[in-house]
Amino acid sequence: MNTHRSLMVWPITERGLTMTPGELIAEALDAICECNSRLDYPRLVLMPSPAAFVIDRGAATIGAECEWAWKRDIRKGTS
């Protein structure tokens, strides 16, 4: 599988600003799972370790450098 690396950043909602770091990371991991399961999302994102996340409450963002692959390339490899 040919993978790429990108910084992926998600906004923190007002509710999220009151969450603990662990809760924010769990929400971000859930968002990655949801994207991976959607047929219309073109990438498969590999789960980053919790330590890879950077929480910036001032900018209201959470991000991590993630490894990912195009789903179309993965499908081609299994055909």
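Me: This is a predicted model. Which side chain does R5 join through a polar contact of 3.1 Å?
Reply: The contact runs from side chain to side chain. Leaving aside neighbours within four places in sequence, R5 is in contact with residues including C66 and E67. The partner in the polar contact is E65.

Me: Is R5 buried or exposed?
Reply: R5 has its place in strand β1. Its relative accessible area is 51%. The cut-off for exposed is over 50%. So R5 is exposed.

Me: How far apart in space are R5 and W68, C-alpha to C-alpha?
Reply: In sequence they are 63 residues apart.

Me: Is W68 buried, partly exposed or exposed?
Reply: W68 has a relative accessible area of 5%. Buried means under 20%. W68 is therefore buried.

Me: Which residue has its charged end over the ring of W68?
Reply: The charged end sits 4.2 Å from the ring centre. It belongs to R43.

Me: What kind of aromatic pair do W10 and F53 form?
Reply: The model has two aromatic pairs. In this one the ring centres are 6.4 Å apart and the planes are at 40°. Planes under 30 degrees apart would be stacked, and over 60 edge-to-face. The W10 and F53 pair is therefore tilted.

Me: How many residues apart in sequence are the parts that this pair ties together?
Reply: W10 lies in strand β1. F53 lies in the loop between β2 (43–45) and β3 (54–56). W10 is buried at 19% relative accessibility, and F53 is buried at 8%. The parts tied together are 43 residues apart.

Me: What is the angle between the planes of W68 and W70?
Reply: W68 and W70 form an aromatic pair, 4.9 Å centre to centre. The pair is edge-to-face. The angle between the planes is 85°.

Me: Which residue lies over the face of W70?
Reply: W70 is partly exposed, with a relative accessible area of 22%. The residue over its face is 4.7 Å from the ring centre. That residue is R72.

Me: Which elements give two or more residues to the largest nonpolar core?
Reply: This core has 14 residues. Among those with the most contacts inside it are M8, W10, V45 and C66. V45 is itself in contact with M8, I32 and C66, among others. The contributing elements are β1 (4–11), α1 (21–37) and β4 (61–70).

Technical notes
Residues are numbered from 1 along each chain as its sequence is written. This is a predicted model: local features need pLDDT of at least 70, side-chain atom pairs count only at pLDDT 80 or more; totals for chains, interfaces and linings use all residues. Side-chain values use heavy atoms; hydrogens and water are left out. A nonpolar core is a set of buried Ala, Val, Leu, Ile, Met, Phe, Trp, Tyr and Cys residues joined through side-chain atoms within 4.5 Å. Buried means under 20% relative accessible area, exposed over 50%, partly exposed in between (1.4 Å probe, protein chains only). Helices (H or I, at least four residues) and strands (E, at least two) are DSSP runs, numbered from the N terminus. Contact means heavy atoms within 4.5 Å. Rings of Phe, Tyr and Trp (its six-membered ring) pair if their centres lie within 6.5 Å; planes under 30 degrees apart count as stacked, over 60 as edge-to-face and the rest as tilted. A charge sits over a ring if NZ of Lys or CZ of Arg is within 6 Å of the ring centre and within 35 degrees of the ring normal. A polar contact is a pair of N or O atoms within 3.5 Å; within protein, one must be able to donate a hydrogen and the other to accept it, and residues adjacent in sequence count only if both atoms are side-chain atoms.
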